[in-house]
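Here is a short report on a protein chain, written to be read beside its model. Keep the structure open and find each residue as it comes up.

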Amino acid sequence: MRVRQSFSFIVPSPSAYELEVNRILALISLILLTSLSGGFAAATKLVDLEYAKAGEISLKLDLYLPLDAKKSTLIVWVHGGAWRKGSKDSVSIESLVEKGYSIASIDYRLTPVAPFPANVHDIKAAIRFLRAHADRYGYDKEKIVVSGSSAGAHLAALVGVTNGHPNLEGKVGDHLDESSDIAAIVDFYGASNLTTILKQSTPHGLSVREPALDLLIGGHPETVPEMAKLASPVFHVDASDPPLLLIHGDQDPQMPINQAHEIHGAYKKLSLPVSFEVIHGGAHGGKAFFDAERLALVDWFLKKHLK
């Protein structure tokens with residue numbers, strides 16, 4: 001019988017010593033429980049680690065570690081919510097910890113607080129923080145993946161294809177000497193081109209996306225075209241970009257599947273590694289996107305490209 005055990009440590013402002021003690025205690029507990037139970041899939045969860053401050057705003061993440069995190073691939077998870085809501089508590093890929101992945105689920109500034117590119121600056125700051133602390137937690141700093149769903153997937157893709165971009169790196173956090181480069185992107189039904197998304201949208205999609213874009217980029221894409229392009233992953237794709245996995249439903253009423261087709265085409269044009277999984281009949285999210293079959297696809301894709 002396999003039992004999954006999770007440990008949570010709430011550490012508002014952790015010192016390096018406190019973080020290491022928490023991690024060691026959790027691992028000792030897991031080892032003891034494993035010896036008693038005959039073996040099970042387990043994870044350590046470190047809650048509310050502050051990765052940076054943006055003014056007076058404390059930016060935090062939750063870190064999920066497998067029993068053996070040494071040299072594991074780290075997936076940075078970016079939640080969705082039309083860029084204006086949501087939190088790190090929603091982690092649709094959490095079960096990948098059972099396959100040996102580490103996961104960092106991050107909070108970032110939402111658009112009612114700060115418009116684009118603040119959200120991208122925050123995500124890149126989180127990646128730099130996580131890379132700086134790789135030795136402490138055990139995952140491989142050369143195998144950092146970014147993933148997300150919906151608006152979170154859009155931000156994940158944008159972060160993934162703008163490694164080193166002077167306008168998108170930002171100066172958030174204390175680890176500006178670290179790289180925010182990532183090794184792969186896993187995009188669950190995200191946007192890729194804000195200059196075309198409204199033309200592709202259903203009436204329902206328009207009712208969701210128009211006010212969301214106003215908050216994100218400060219207006220309709222046609223009135224702020226340069227900002228819309230800066231915020232669109234498809235315009236940043238170049239020959240140096242990392243492998244990309246797209247998972248999108250062909251009946252998505254909010255993020256049209258053409259958004260996935262556009263970035264898929266940009267990758268194919270440059271012969272970059274890309275896989276595109278279409279969920280036939282799939283709408284905007286739901287269990288089908290994160291079932292055992294699709295998460296096995298994510299596992300296969302990352303193992304294939306991250307040697």
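Which residue forms a salt bridge with Arg294, and how far apart are the closest N and O atoms? The partner is Glu277, and the closest N and O atoms are 3.4 Å apart. A salt bridge here is a side-chain nitrogen of Lys or Arg within 4 Å of a carboxyl oxygen of Asp or Glu.

This is a predicted model: local features need pLDDT of at least 70, side-chain atom pairs count only at pLDDT 80 or more, and totals for chains, interfaces and linings use all residues. Residues are numbered from 1 along each chain as its sequence is written, and side-chain values use heavy atoms, with hydrogens and water left out.

**Salt bridges**

Side chains of opposite charge can pair when their charged atoms come close. By the rule above, the count comes to nine salt bridges.

| Pair | Closest N and O atoms |
|---|---|
| Lys88 and Asp48 | 2.7 Å |
| Glu169 and Lys124 | 3.1 Å |
| Arg294 and Glu277 | 3.4 Å |

Helices (H or I, at least four residues) and strands (E, at least two) are DSSP runs, numbered from the N terminus. Arg294 is in helix H9 and Glu277 in strand E9, so the pair links distant parts of the chain, 17 residues apart. Buried means under 20% relative accessible area, exposed over 50%, and partly exposed in between (1.4 Å probe, protein chains only). Arg294 is buried, at 12% relative accessible area. Glu277 is partly exposed, at 23%. These two residues also belong to a network of salt bridges with Asp291 and Glu293.

Lys88 and Asp48 form another salt bridge. Lys88 lies in the loop between strand E4 (74-78) and strand E5 (102-106), while Asp48 is in strand E2 (residues 42-54). The two are 40 residues apart, and both are buried.

Glu169 pairs with Lys124. Glu169 is in the loop between H4 and E7 and Lys124 is in helix H2, so the pair ties together parts that are 45 residues apart in sequence. Glu169 counts as buried at 15% relative accessibility. Lys124 is buried too, with a relative accessible area of 0%.

**Aromatic pairs**

Rings of Phe, Tyr and Trp (its six-membered ring) pair if their centres lie within 6.5 Å; planes under 30 degrees apart count as stacked, over 60 as edge-to-face and the rest as tilted. The count by this rule comes to six aromatic pairs. Phe188 and Phe290 form a tilted pair, 4.6 Å centre to centre, with 40 degrees between the planes. Phe188 lies in strand E7 (residues 184-188) and Phe290 in the loop between strand E9 (274-279) and helix H9 (292-305), so this pair ties together parts that are 102 residues apart in sequence. Both Phe188 and Phe290 are buried.

Tyr189 and Phe290 have ring centres 6.4 Å apart and planes at 70 degrees, so this pair is edge-to-face. Tyr189 is buried, as is Phe290. One aromatic cluster is formed by Trp77, Phe188, Tyr189, Phe289 and Phe290.

What does Ser149 touch, not counting residues up to four places away in sequence? Contact means heavy atoms within 4.5 Å. The residues touched include Trp77, His79, Phe188, Tyr189 and Phe290. Ser149 lies in strand E6 (residues 144-149) and counts as buried at 10% relative accessibility.

**Helix H6**

Helix H6 (residues 203-217) has 15 residues. H6 reaches 21 Å from its first C-alpha to its last, close to the 21 Å expected at 1.5 Å a residue. That expected span is 1.5 Å times one less than the number of residues. H6 bends by about 25 degrees at Arg209, and Pro211 follows within four residues. The bend is the angle between axes fitted to the seven residues ending at a residue and the seven starting there. Among the buried residues of H6 are Val208, Arg209 and Leu213.

**Backbone points**

Most residues other than glycine have a negative phi, and most peptide bonds are trans. The peptide bond from Phe116 to Pro117 is cis, with omega near 10 degrees. Ser150 has a positive phi of about 60 degrees and is buried, at 8%. Ser271 has a positive phi of about 55 degrees and is exposed, at 65%.
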